[in-house]
Amino acid sequence: MSSKNNLKNKKKKITVGDNFLYDFVKVTGSIPTLIWMRPKILHFGKKHKIKGGFMASANHCSFVDPILIHCVFWKRRMYSLATKDLYTTKLRTWFFNRMHCIQVDKENFSLNSFHEVTRQLKRGKMVSIYPEGQLNRGSQEMLAFKSGVILMAHSARVPIVPVYLVPPGRWYQRRAAVVGEPIDVRALCGDMPTVDDLNRAGDYVHQKEEELKEFYQKFHKNPKMAQPTAVSNKRRS
Amino acid sequence: MALSRNEIKEKLADIMKMVMRDRLPDLSALREDSHLVNDLGLNSVGVLYIVIAIEEFFGIEFENVGFGDFATIGDVVDYIEQKQQE
């Protein structure tokens, strides 16, 4: 009986369709993306290679942010959250599911979404998330972070990688992103955190992204001044 | 074995103690009509955290429900009871 189950599981893993459309869109879309965005990716501190699951936490300043995050973590297949409003037709539902989107109802947050995110993280996948909770277009200031993100990472026992996406100027301008060092949520708020611990951890991640923003602003003004942080760390590694 | 309504409430009080250690409300006055947000001062993350703790504690999974479906302690107890019967 158990061997039959194992066979079934193995068959499930081999299915081609699961990632075919995702990979196809990613590869074919990469050329126009690279021409259009010409992404500049900076690393604050040491560049880490994370093998297992992790959560990329970024500010949300443009509707093309998921594409920019794809460029940052090019080698990883990414899962992202998509608002329920996008799932209007069967075709769209099929497409978004194939593109590794996890449906979220902003008005009445479903626990199914939470379970799906933690399930993918536990499977060793990468999930990108915008803790501001909404598109913050046109503002240079980041909104306060929602600490539900911390709870997701804590439950799945994965690190959070803060990413600062530089707000776009004109549509044709180059996009930039700064990647921070992974944050171990369990080390930050313990195994049995309270709600206040989670809120504090959310503030901490926000603070880290503010640091990335400052780093980028320094870099933008004078690339030589900001570079030593990254260069010296590279030397150390 | 399914727990009685009062036992579920007691367990819920324990979970709330764990989740809200820093700003614990008066749990002796925990009534079924106590509002999770207005009376107990929980935010959305607090409700989510309690739900996760309930799942682990009672060995059930909250399916096809959202935060908006749980306004009071009574709503949570009702759901746990229903799940236990299933």
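**A guided reading of the two-chain model**

The contact between the chains takes 20 residues from chain B and 16 residues from chain A, where two residues are in contact if their C-beta atoms, placed from the backbone, lie within 7 Å. On the side of chain B that touches chain A, helix H1 (5-19) and helix H2 (44-58) of chain B each supply at least two residues. H2(B) gives the most to that side, with 7 residues. Sorted by class, the side of chain B that touches chain A has 11 nonpolar, 5 polar and 4 charged residues; here Ala, Val, Leu, Ile, Met, Phe, Trp, Tyr, Cys and Pro count as nonpolar, Asp, Glu, Lys and Arg as charged, and the others, Gly among them, as polar.

This is a predicted model, in which local features need pLDDT of at least 70 and side-chain atom pairs count only at pLDDT 80 or more, whereas totals for chains, interfaces and linings use all residues. Residues are numbered from 1 along each chain as its sequence is written, while chains are lettered from A and ligands numbered from 1 in the order in which they are written. Helices (H or I, at least four residues) and strands (E, at least two) are DSSP runs, numbered from the N terminus.

The predictor gives the complex an ipTM of 0.83 and a pTM of 0.83. For chain B the mean pLDDT (the predictor's confidence in each residue, from 0 to 100) is 83, and 90% of its residues reach 70 or more. Among the elements of chain B, the lowest mean pLDDT belongs to H1(B), at 86, and the highest to helix H3 (residues 73-85) of chain B, at 88. Where pLDDT is low, the predicted coordinates should not be read in detail.

In chain A, 7 strands form an open sheet in the order E1-E7-E6-E2-E5-E3-E4, with mixed pairing; two strands pair if DSSP finds at least two bridges between them. Strand E1 (40-43) and strand E4 (101-104) of chain A are the edge strands, each pairing on one side only. Direction ignored, neighbouring strands of this sheet are turned by 25° against each other on average. Axes are lines fitted to C-alpha atoms, for helices over the stretch in contact, and angles run from 0 to 180 degrees between N-to-C directions.

Strand E5 (residues 126-129) of chain A pairs with strands on two sides. Strand E2 (residues 54-58) of chain A and E5(A) pair in the parallel sense over 4 bridges, and 3 bridges join strand E3 (residues 78-83) of chain A to E5(A), also in parallel. A:Ser128 is the bridge partner of A:Ala56 and of A:Ser80. In a regular strand the side chains alternate between the two faces of the sheet. Along E5(A), A:Met126 and A:Ser128 point one way and A:Val127 and A:Ile129 the other, and all are buried. A residue is buried if 20 or more other C-beta atoms lie within 10 Å of its own, exposed if 12 or fewer, and partly exposed in between, with C-beta atoms placed from the backbone.

E2(A) is also joined by 4 bridges to strand E6 (residues 160-165) of chain A, and the two run parallel; A:Ser57 stands opposite A:Pro162 in E6(A). Both faces of E6(A) are covered, with A:Ile160, A:Pro162 and A:Tyr164 on one side and A:Val161, A:Val163 and A:Leu165 on the other, all buried.

Helix H3 (65-72) of chain A lies across E1, E2, E3, E5, E6 and E7 of chain A, running at about 120° to E6(A). Helix H6 (residues 148-156) of chain A has 8 of its 9 residues buried; H6(A) lies across E2, E5 and E6 of chain A, at about 165° to E2(A). Just after H6(A), A:Arg157 takes a positive phi of about 60°.

Leaving aside its neighbours within four places in sequence, A:Ala153 is in contact with A:Met55, A:Val158, A:Ile160 and A:Val185. Of the 69 residues in the largest nonpolar core, A:Met55, A:Ala153, A:Val163, A:Ala177, A:Val178 and A:Tyr216 touch the most other members. Helix H8 (residues 195-221) of chain A gives the most to this core, with 8 residues. Such a core is a set of buried Ala, Val, Leu, Ile, Met, Phe, Trp, Tyr and Cys residues joined through C-beta atoms within 7 Å.

A:Phe63, in the loop between E2 and H3 of chain A, counts as exposed because it has 9 C-beta neighbours inside 10 Å. A:Phe63 and A:Asn136 are 73 residues apart in sequence and 9.7 Å apart in space, C-alpha to C-alpha.
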